[in-house]
Amino acid sequence: MSTPKNYTYKHFLRSDQHSIEHSLTNHLMYTIGKSVKVATGRDWYDAAAHAVRDHLIERWSRTVDNHYEQDPKRVYYLSMEFLIGRTLSNAALNLGIAPSLREGLGALGQRLEQIEELETDAALGNGGLGRLAACFLDSMATLDLPGQGYGIRYEYGMFNQRIENGQQVEHPDNWLRYGNPWEFQRPERLYPVNFYGHVVTFADMHGTIEHHWIGGETVMAMAYDMPIPGYNTESVNNLRLWAAKATREFNLDSFNAGDYIGAVVEKDITENLSKVLYPDDSSSNGRELRLKQEYFFVSASVQDILRRFLSNHDEWNLLPEKIAIQLNDTHPAIAVAELMHQLLDTHHLKWDYAWSLVTSTFAYTNHTLMPEALETWPVEIFGRVLPRHLEIIYEINSRFLGQVNHSFPGDTDLLKRVSIIDEMGGRRVRMAHLAVVGSHTVNGVAAIHSELLKTALFADFHRIFPAKFINVTNGITPRRWLHQANPRLSELIASRIGSGFVRDLAQLGKLVEHAEDPKFRAQFRAVKHANKLYLAEYIGQHIGVRVDADSLFDVQVKRIHEYKRQLLNVLHVITLYNRIRCGQTHGITPRTVIFGGKAAPAYWMAKLIIRLINDVAAIVNHDPAVGDLLKVVFYPNYNVSMAEKIFPASELSEQISTAGTEASGTGNMKMALNGALTIGTLDGANIEIREEVGDDNIFIFGLTTPQVAELRARGYNPWEYYHGNAELRQALDLIGNGFFSVDEPGRYRPIFESLLHNGDNFLLLADYASYIAAQDRVSALYQDHEEWARRAILNVAHMGRFSSDRTIQEYAKKVWDVKPVTPVKSNRRQENS
């Protein structure tokens, strides 16, 4: 039944304390089914979530209807990850009802902070890629841009990381164990997604060639929606996630025959598609599952986008005027072929017309500079799983190479390098090439990254399509990473410059003059110390390591990978340990070195580095000669909620990847925004951070990108550095000779071998001396508390450029051509279209 025209939403929700209190008790009774006397903490969390959700739904409904009425161009952000973290506190803050919620819960004998801790992080991502996507959704809603995210509703996320005997052990991350009050199942939004089978080609009665993809298996994709509120606005956008559902839930014949497992086996196999983020692809079955997973969410999303477009439009030429699709890295690149499949085979458009629509609709963000990280698929697997799409990709490639040959006649090497099909060493489909060819814009995520895309990784494509390539430097949302994560600092800043910085981060520039105010520096230091005390207590309770809140909190939290060089940090820790053991303690700065991050299940070396960190911690933390001079902490299962505790307490931000390997990084921005000084290489966004904060307020070390290339070109010999630096040699020998693994002396020999016998691929030894010297400068400066505080304040003051609001405004203008839609206020009449 359609809603009558001129239907008016009645604004019945109030956000004062008494109204929130009434909403809490109502939901406790009528939604949860509990009375105040018997309610558990989780019951109170569910009641609070539903109370906040009511306010979300009101604004969400008005936003949806307003977008249908205004018919603006919309952005669809396709990403395998959305690391959104907890929703309760973020939604309450963005909606402006957090104070009333706190007071309402307080009147009922509950503390909001305790209730918030009961929410499980949504396990919809792993690292920076997913967190960036979540920041972008926040900014799109805050800026009133009509945008929507598309991803997968992972039932178990990536994994829950536990440290057992110093080793990473993966356990299922059952984040949906208690349900998810923030999602809305949409069974009416159900799309078939096909795999396997074969393609039948024939000419119709008019002589037009038709392609029918038949046979194989079909999986149903069901939509689940999560509202994303903007800050201090009526706009609430949507994150639509897909769950895999079987076409047949239950085989009654098998069950009645006594085959109880067989009765549900089809359902279980089908629904594996949305069970786990990034299934282990070290086996052929794992690789095939990952390909199916990517196509599953892309196909459902494209079908949904076209369904929405066709509900309001009947002219295909309007498609690029009403739709912008952003590919967040190469995982959703198959969307280029899928949109062609839909336009050609379902809607029967001609090839040239369909291709013109596709290439005017897609844009592609690249997030890596390492060729081995660009996704490719063996042609054999791809053609078996997606036979029609391989045909389409062959045709795209043939036409593209024809154009290249016309523009660059006779350059067969160029044709081989840019071909979507890699013919060298086993035929593979290059997904990044498909994304570049099928998109109107390709962007990097930091100035140096974008330049290296043009001069190195995609140099040939830049030669062919010079106008396609642009830079859009990443950013972070100040709502979550300052206003929510660090309320003490947010309140202090607001006391001096007002609260406008939460929406306009450039206003932080007003803090520059306050950095010279001794009173403000004292207040800033008090805030930092309070945050450190909180984190120290948390670490003590959950890990059992007692850390000194007066020590320097030195933090490296990110995905564990060799190029991110957690191992270089470990070498510094061992160097400090050796100095202390030798009695070199005069003037030493006490440190607490905090690590966190997950290693991919099949990444053996990264997991060995985690074990080394924990074995080093076991020795250092229990050596009475060290005491409080040095502590090492590895915090397990690092996630958004843990980041919100660590970043406000961080004082030194470790951004130490080999120059030319990190696309951007956003942890560097988050920690600087919370008053940490950065120690880092000239890599990724570190370069732009240095430009903003100034050379005196950042600790830069190591080889530059050109120097890295030069060193490799002339022949890098790590043994020269080993023999030339006594402290480095001593640290490496302790690792290689089993000092940190007496029960298994050869445990870390592979690390020693990788650095000295296997080439030290990421140049740790080449950068070691420069890194240690920079760390010594850090130690010296930290002893001058006033000067350290002044420089930390200047870091905060110069973070305005790194707001995701600025990033999204650049995308909207330079890539999407999307305009804000003025939200409908709560007291206005609104038709429900």
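This is a predicted model: local features need pLDDT of at least 70, side-chain atom pairs count only at pLDDT 80 or more; totals for chains, interfaces and linings use all residues.
The relative accessible area of Arg417 is 40%, so the residue counts as partly exposed. When neighbours within four places in sequence are left aside, Arg417 is in contact with Arg430, His433 and Asp460. The C-alpha atom of Arg417 is separated by 9.4 Å from that of Phe461, a residue 44 residues apart from Arg417 along the chain.

## Packing of H12 against H14

Two packed helices are described by the angle between their axes and the distance between the axes. For helix H12 (residues 351-359) and helix H14 (residues 387-407), the angle is about 90° and the axes are 13 Å apart. Because angles of 65 to 115 degrees count as roughly perpendicular, H12 and H14 are described as roughly perpendicular to each other. On the H12 side the contact is made by Trp351, Asp352 and Trp355, and on the H14 side by Ile392, Glu395, Ile396 and Arg399. The residues of this contact of H12 with H14 divide into four nonpolar, no polar and three charged.

Two of the H14 residues named in that contact, Glu395 and Arg399, also meet each other through their side chains in a salt bridge, with an N to O distance of 2.7 Å. Arg399 and Glu395 are four residues apart in helix H14, and therefore about one helical turn separates them. Arg399 is partly exposed, with a relative accessible area of 35%, and Glu395 is likewise partly exposed, with a relative accessible area of 30%.

## Packing of H22 against H29

Helix H22 (residues 566-581) packs with helix H29 (residues 726-736) at an angle of about 105°, and the axes of the two helices are 9 Å apart. H22 and H29 are therefore roughly perpendicular to each other. From H22, the residues Leu571, Ile574, Thr575, Asn578, Arg579 and Arg581 meet a set in H29 made up of Glu727, Leu728, Gln730, Ala731, Leu732, Leu734 and Ile735. The residues of the contact of H22 with H29 divide into seven nonpolar, three polar and three charged.

Arg579, one of the H22 residues in this contact, also has a salt-bridge partner in Asp776, at an N to O distance of 3.0 Å between the side chains. This pair links distant parts of the chain, since Arg579 lies in helix H22 and Asp776 in helix H31 (residues 764-782), 197 residues apart. Arg579 counts as buried at 15% relative accessibility, whereas Asp776, at 34% relative accessibility, counts as partly exposed.

## Salt bridges and a linked network

Side chains of opposite charge can pair when their charged atoms come close. A search of the whole structure finds 55 salt bridges, among them the one in which the side chains of Asp304 and Arg307 meet at 2.9 Å, N to O. Asp304 and Arg307 are three residues apart in helix H9 (residues 284-312), so they are separated by about one helical turn.

Which residues are linked with Asp304 and Arg307 in a network of salt bridges? The network also includes Arg186, Asp225, Arg240 and Arg308. Within it, Asp304 counts as buried because its relative accessibility is 0%, while Arg307, at 25% relative accessibility, counts as partly exposed.

## Strand pairing

Strands of a sheet pair through backbone hydrogen bonds, either parallel or antiparallel. An open sheet of three strands has the order S12-S14-S13, and its pairing is antiparallel. The edge strands are S12 (376-378) and S13 (421-422), each of which pairs on one side only. S12 is joined by three bridges to strand S14 (residues 428-430), with the two strands running antiparallel, and Trp377 stands opposite Val429 in S14.

Parallel pairing is found around strand S15 (residues 441-444), which pairs over three bridges with strand S11 (residues 362-365) and is joined by three bridges to strand S16 (residues 469-471). Asn443 of S15 stands opposite Thr365, and the bridge partner of Asn443 in S16 is Ile470. Both faces of S15 are covered, with Thr441 and Asn443 buried on one side and Val442 and Gly444 buried on the other.

Technical notes
Residues are numbered from 1 along each chain as its sequence is written. Side-chain values use heavy atoms; hydrogens and water are left out. Axes are lines fitted to C-alpha atoms, for helices over the stretch in contact, and angles run from 0 to 180 degrees between N-to-C directions. Angles under 35 degrees count as roughly parallel, over 145 as roughly antiparallel, 65 to 115 as roughly perpendicular and the rest as oblique. Contact means heavy atoms within 4.5 Å. Ala, Val, Leu, Ile, Met, Phe, Trp, Tyr, Cys and Pro count as nonpolar, Asp, Glu, Lys and Arg as charged, and the others, Gly among them, as polar. A salt bridge is a side-chain nitrogen of Lys or Arg within 4 Å of a carboxyl oxygen of Asp or Glu. Buried means under 20% relative accessible area, exposed over 50%, partly exposed in between (1.4 Å probe, protein chains only). Two strands pair if DSSP finds at least two bridges between them.
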